[in-house]
Amino acid sequence: MIWNETIECMERKDMRKLQEIRLKKTIERVYHNCEPYRKRMQEAGITPGDINSLEDITKLPFTSKKDLRDYYPFNLLSSPMSEIVRLHASSGTTGKPIVVGYTRNDLNIWNEVGARCFTAYGLGKNDVVQVSYGYGLFTGGLGAHGAVETIGGTVIPMSSGNTEKQIMLMHDFGAVALACTPSYALFLADILKESGIPREEFKLRVGAFGAEPWTEAMRIEIQEKLGIKAYDIYGLTEIIGPGVGYECECQNGTHLCEDHFYPEIIDPETGEVLPEGSMGELVFTTITKEGMPLVRFRTRDLTSLNYEKCSCGRTAVRMGRILGRSDDMLIIRGVNVFPSQVESVICEIPELEPHYMLIVDRINNLDIFEVQVEVKEDFYSDEMNRMLQLKKRIQHRLQGVLGINPDVKLVEPRSLERSQGKAKRVIDKRSFKS
Amino acid sequence: MLIKQLSIFLENKKGRFTEIAKILGAAGINMTAFTVAENSDFGILRLLVSDPEKARDILKEYRYAVTMTDVVCLQCPDEPGALGKAMEIITEAGIFIEYMYAFTSGKGALIVLRPDNLEKCVDVLSKNKLILLAASEFYKL
């Protein structure tokens, strides 16, 4: 099923025309309404009049995650606060989150792209969908929520956690679809099995999974364990949230909603746009948003784009699996974690040496996150209680800043690598390349 | 009356204790008693040796996290009820024991105590005519 056939199956040349018109309009908007963008364009010696085609986009400077932090909280808005009807935020590096403002129209766009996703998953007005993404500042919960309401489906606004109740309501309300992170889906699969309720009593047949990278192997496992079709839903808080892209029934790439979010693939080193089909860093320009349009936002996600028509009939460009990051950001249990965040916490705790090691692994499809730290010599105690209290305190501080709970491991003095130039601080044993 | 105990922080890794035993052995230091408090990822080895200062310095050279703690060593008859009596005295004096461990030697049962108030503990036990092993005697065990 296709929600918006006109757009999703549009001839490529027509799509480019549409993107061109919208890009020009967006550049006008940011130039006249957002000071940081105007200044940057002036510094680069360009005005909106210089942007006449899609190719001209390369004249424009990039926007980075750092810009969103630097202009915290509202300086990147291109609409007055009176027009902003919603704020969302994602975790930032130093405790300050990244804030995104939506106008009424932006929320409509979000619902529209979300509707394309859930329709592509084969869902409609007769279907009950359990949304088990977190509700709140995180875009996952409310994003999926709006999408399901838009297609006329019935939402169970479950949010994350409370696993037993998740299973109970999924059963009693007859949910046919589940929207959550892929690792939570696998966790639920195990709980569902333990519940002893026969599978045939559940109506579940579809899953919309995203907010963290996942592999084809994980898809197969989810599909087998839950007995459903598992689809990717792609999104970034900075761009809009879940709904930037979606998989169709072919499960062969993630279609991007490119009439709203114009994608480019660049060389992360040089910033040059790479030829069609190349692997590189994904960059988005939002070409319809009003509240906080972003121009050439560097996602840091490494992937490739495929412009061939899909066998589902859609012409919308398809993004391949995300194969990694061009920066040091880790996505752990769906949460963005920068090693620098851990470092800032560790340096604040007087009992600790400023050295650490992050070990990330995926065991039974759940992310394991261990932070190894060294205690300063004077602070070792022979009382187990004190050492455990220290460990707890570190854990608590890290959770406060990162938004996820790490396993803290106290290690022996001088057992962690000392920085000689660039020390290796992260061991990520997960592989997303399968 | 106070005896110096070494406490060594050890990760739960294969061979950590072996290394310590070998280092001390090579230095001619005898271990009199030890106990390990552990959880899932680390342990604290509490160790009584013939020459605590020397042992500490050597272990520090090997970059172990070593702390020195004062403990008392109660000598009590190796017979039923003896320990209960001693503990009753300690409890009634309002002293809390952080941890304790025991071993036997030619001098009968020896109980190593780490009370929250060392001075008071020594005082109470001496007043009640219980035998505390002197450091000089202890290191010769």
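**Exercise 1. Which residue stands opposite B:Leu74 in β6(B)?** Work out the pairing around this strand.

A quick note before we dig in: this is a predicted model, where local features need pLDDT of at least 70, side-chain atom pairs count only at pLDDT 80 or more, and totals for chains, interfaces and linings use all residues. Residues are numbered from 1 along each chain as its sequence is written, chains are lettered from A and ligands numbered from 1 in the order in which they are written, and side-chain values use heavy atoms, with hydrogens and water left out.

*Solution.* 
- Step 1: the residue opposite B:Leu74 is B:Ile111 in β6(B). Strands here are DSSP runs (E, at least two residues) and helices are runs of H or I with at least four, both numbered from the N terminus.
- Step 2: β4(B) and β6(B) run antiparallel and are joined by 5 bridges. For two strands to pair, DSSP has to find at least two bridges between them.
- Step 3: now go to strand β5 (residues 97-105) of chain B, which is antiparallel to β6(B) with 8 bridges. Here B:Ala102 stands opposite B:Ile111.
- Step 4: the link from β5(B) to β6(B) is a hairpin through 2 residues.
- Step 5: check the burial of β6 (residues 108-115) of chain B: 8 of its 8 residues are buried. Buried means under 20% relative accessible area, exposed means over 50%, and partly exposed is in between (1.4 Å probe, protein chains only).

**Exercise 2. Find the buried side of helix α2 (residues 52-61) of chain B.**

*Solution.* 
- Step 1: list the buried residues, which are B:Pro52, B:Ala55, B:Ile58 and B:Leu59.
- Step 2: they sit on the same side of α2(B), because they cover an arc of only 130 degrees around the axis. That arc is taken over the directions from the helix axis to the C-beta atoms.
- Step 3: see what they pack against: β1 (2-11), α1 (16-26), β3 (42-49) and β4 (65-76) of chain B.
- Step 4: step just past the helix to B:Arg63, which has a positive phi of about 65 degrees.

**Exercise 3. Describe the contact between chains A and B.**

*Solution.* 
- Step 1: count the residues: 22 come from chain B and 17 from chain A. Contact means heavy atoms within 4.5 Å.
- Step 2: get the area, about 1,700 Å² buried between the two chains, with 55% from carbon and sulfur atoms. Buried area is the accessible area (1.4 Å probe) lost when two parts are put together, summed over both.
- Step 3: pick out B:Phe9, B:Glu11 and B:Arg63, which give 32% of what chain B buries against chain A, more than any other three residues.
- Step 4: look for charges. There are 3 salt bridges between the chains, and A:Lys391 with B:Asp41 makes a salt bridge at 2.9 Å, N to O. The cut-off is a side-chain nitrogen of Lys or Arg within 4 Å of a carboxyl oxygen of Asp or Glu.

**Exercise 4. Locate the largest nonpolar core.**

*Solution.* 
- Step 1: this core has 66 residues, and A:Phe118, A:Tyr121, A:Leu123, A:Tyr234 and A:Phe284 touch the most other members. A nonpolar core is a set of buried Ala, Val, Leu, Ile, Met, Phe, Trp, Tyr and Cys residues joined through side-chain atoms within 4.5 Å.
- Step 2: helix α5 (residues 104-120) of chain A gives the most to this core, with 8 residues.
- Step 3: zoom in on A:Leu123. Leaving aside its neighbours within four places in sequence, its contacts include A:Met1, A:Val129, A:Ile151 and A:Val206.
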